[in-house]
Amino acid sequence: MTLSDCKDLLLACLAINYGILITWFLAIALGRDKLYRWHGRWFFLSHADFDRIHYAGMALYKILVLVFNLAPWLALQLIA
C-alpha cells in the first residue's frame with residue numbers, strides 16, 4: 001500500500017465516521033423522545049441520564065475519530 005493509498009483510506013474513514021456522528025446527532029436531536037421510549041424498554045434511565053450517556057458517547061466517538069483518522073491523515077500530509 002502506497003502513501004497515497006493510506007491517505008485516501010484515512011480520508012474515506014474520516015468521512016464515514018463523521019457521517020455516523022452526524023447521523024447519531026440528528027437521531028438524538030430529531031427523535032429523542034422516540035429513542036428514549038425505545039431504550040426505556042430495556043434500561044431504566046432518567047431523561048437526564050439518557051442525554052448524558054449520548055452526549056458522552058458522541059464526545060468519546062469524536063475524540064477517537066480525531067485521534068485515529070484525522071491525526072494520522074494530517075501526519076501523512078505533512079511528510080508527503
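## A buried asparagine

Asn69 counts as buried because its relative accessibility is 8%; buried means under 20% relative accessible area, with a 1.4 Å probe and protein chains only. This residue is found in helix H2, where helices are DSSP runs (H or I) of at least four residues, numbered from the N terminus. Leaving aside neighbours within four places in sequence, Asn69 is in contact with Leu10, Cys13, Leu14, Asn17 and Leu64. Contact here means heavy atoms within 4.5 Å.

## About the model

This is a predicted model, in which local features need pLDDT of at least 70, side-chain atom pairs count only at pLDDT 80 or more, and totals for chains, interfaces and linings use all residues. Residues are numbered from 1 along each chain as its sequence is written, and side-chain values use heavy atoms, leaving out hydrogens and water.

Now look along the helix itself. H2 covers residues 47–79 and reaches 47 Å from its first C-alpha to its last, close to the expected 48 Å (1.5 Å times one less than its number of residues). A kink of about 35° is centred on Leu66; the bend is the angle between axes fitted to the seven residues ending there and the seven starting there.

Which helix do the buried residues of H2 pack against? They pack against helix H1 (3–40), and among them are Phe50, Met58 and Trp73.

Conventions: Helices (H or I, at least four residues) and strands (E, at least two) are DSSP runs, numbered from the N terminus. Buried means under 20% relative accessible area, exposed over 50%, partly exposed in between (1.4 Å probe, protein chains only).
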